[in-house]
Amino acid sequence: YYIFTKKMIASCEQNMDWKECVELCEAFIRLYDNSNADQIKQLMPAYQENARNETIFQSLIEKAAKHGSDYSAAQQIYRDFLTAYPDSPLKVKLQAEITRLDELTAIAAIDAKKAKMRNLIAGSGGRFSEQKDGVVVDSKTGLIWCLVDAMTGDPNTCINFETAKKYVDDLKTAGYTDWRLPTPV
């Protein structure tokens, strides 16, 4: 039974199912009072701590999820926890959640820009039309434009020519790779 329990515990460890590890240990210890039980007792504190941390993490995830698409409010839950417990073993997981929410914020910002541009296109009297997702055609000049710029930084901040040129040279939108910066008329 000891060998079976050790194999089950190893499987739970691999799956990071800490509550099941604790339950297996407790069940074995209840049945046996020997050196094998003593070995399993030594594993218990780490499993209990991991189970506690997993419970805390799930609780934070649930609290953050209640904020829906208010990603900054959700991030604040994680930041507040990290401020209160800077050395928490959950630090890496919480920082990954903060990064994931940053990415969702960027996607939402791009989607909002696209919606705004699509409204403007709809009011252009047919001069502009969206050819493919992300590409607008000007029927008067024949030029093709990106619907939105994927650089989501502050729109009131300028970038230098070299950065803009590199960005446009690397741009791949709607299958096009020959984008260029506009030139003055």
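This is a guided tour of one predicted model, stop by stop.

Local features here need pLDDT of at least 70, side-chain atom pairs count only at pLDDT 80 or more, and totals for chains, interfaces and linings use all residues. Residues are numbered from 1 along each chain as its sequence is written, and side-chain values use heavy atoms, with hydrogens and water left out.

**Stop 1: H1 against H2**

Select helix H1, residues 2-14, and helix H2, residues 18-31. Helices are DSSP runs of H or I, at least four residues, numbered from the N terminus. The axes of H1 and H2 come within 8 Å and cross at roughly 165 degrees. Axes are lines fitted to C-alpha atoms, for helices over the stretch in contact; angles run from 0 to 180 degrees between N-to-C directions. H1 and H2 are therefore roughly antiparallel. Angles over 145 degrees get that label; under 35 is roughly parallel, 65 to 115 roughly perpendicular, and the rest oblique. The crossing of H1 and H2 is left-handed, that is, the near helix is turned anticlockwise from the far one by less than a right angle; clockwise is right-handed.

Now show the side chains. H1 brings Tyr 2, Thr 5, Met 8, Ile 9, Cys 12 and Glu 13 to the contact, and H2 brings Trp 18, Glu 20, Cys 21, Leu 24, Cys 25 and Phe 28. Contact means heavy atoms within 4.5 Å. By class, that makes 9 nonpolar, 1 polar and 2 charged residues. Ala, Val, Leu, Ile, Met, Phe, Trp, Tyr, Cys and Pro count as nonpolar; Asp, Glu, Lys and Arg as charged; the others, Gly among them, as polar.

**Stop 2**

Select Met 16, in the loop between H1 and H2. Check its backbone: phi is near 55 degrees, a positive value in a residue other than glycine. Is Met 16 buried or exposed? Met 16 counts as exposed, at 55% relative accessibility. The cut-offs are under 20% relative accessible area for buried, over 50% for exposed, and partly exposed in between, with a 1.4 Å probe and protein chains only.

**Stop 2**

**Stop 3: Thr 5**

Center on Thr 5, in helix H1. Thr 5 is buried, with a relative accessible area of 2%. What does Thr 5 contact, leaving aside neighbours within four places in sequence? Leu 24, Phe 28 and Ile 40. Draw a distance to Cys 25, 20 residues apart along the chain: the C-alpha atoms are separated by 7.9 Å.

**Stop 4: the cores**

A nonpolar core is a set of buried Ala, Val, Leu, Ile, Met, Phe, Trp, Tyr and Cys residues joined through side-chain atoms within 4.5 Å. The largest has 14 residues. Select Ile 9, Trp 18, Cys 21, Cys 25, Phe 28, Ile 40 and Tyr 47, those with the most contacts inside it. H1, H2 and H3 each give two or more residues to this core. H2 gives the most, with 6 residues. Jump to a second, separate core of 13 residues; select Leu 60, Tyr 78, Leu 82 and Ile 98, which are among them.

Return to Cys 21. Not counting residues up to four places away in sequence, Cys 21 touches Ile 9, Cys 12, Glu 13 and Tyr 47.

**Stop 6**

Select Asn 53, in helix H3. Asn 53 counts as buried at 8% relative accessibility. Beyond four places in sequence, Asn 53 touches Pro 89 and Leu 90.

Glu 54, Phe 57, Leu 60 and Ile 61 of H3 meet Lys 93, Leu 94 and Glu 97 of H5. The classes here are 4 nonpolar, no polar and 3 charged.

**Stop 5: after H6**

Finish at Thr 173, in the segment after helix H6 (161-170). Thr 173 is buried, at 17% relative accessible area. Leaving aside neighbours within four places in sequence, Thr 173 contacts Gly 134, Val 135, Cys 146 and Trp 179. Then select Ala 174, found in the segment after H6. Ala 174 is partly exposed, at 22%. Its phi is near 55 degrees, a positive value in a residue other than glycine.
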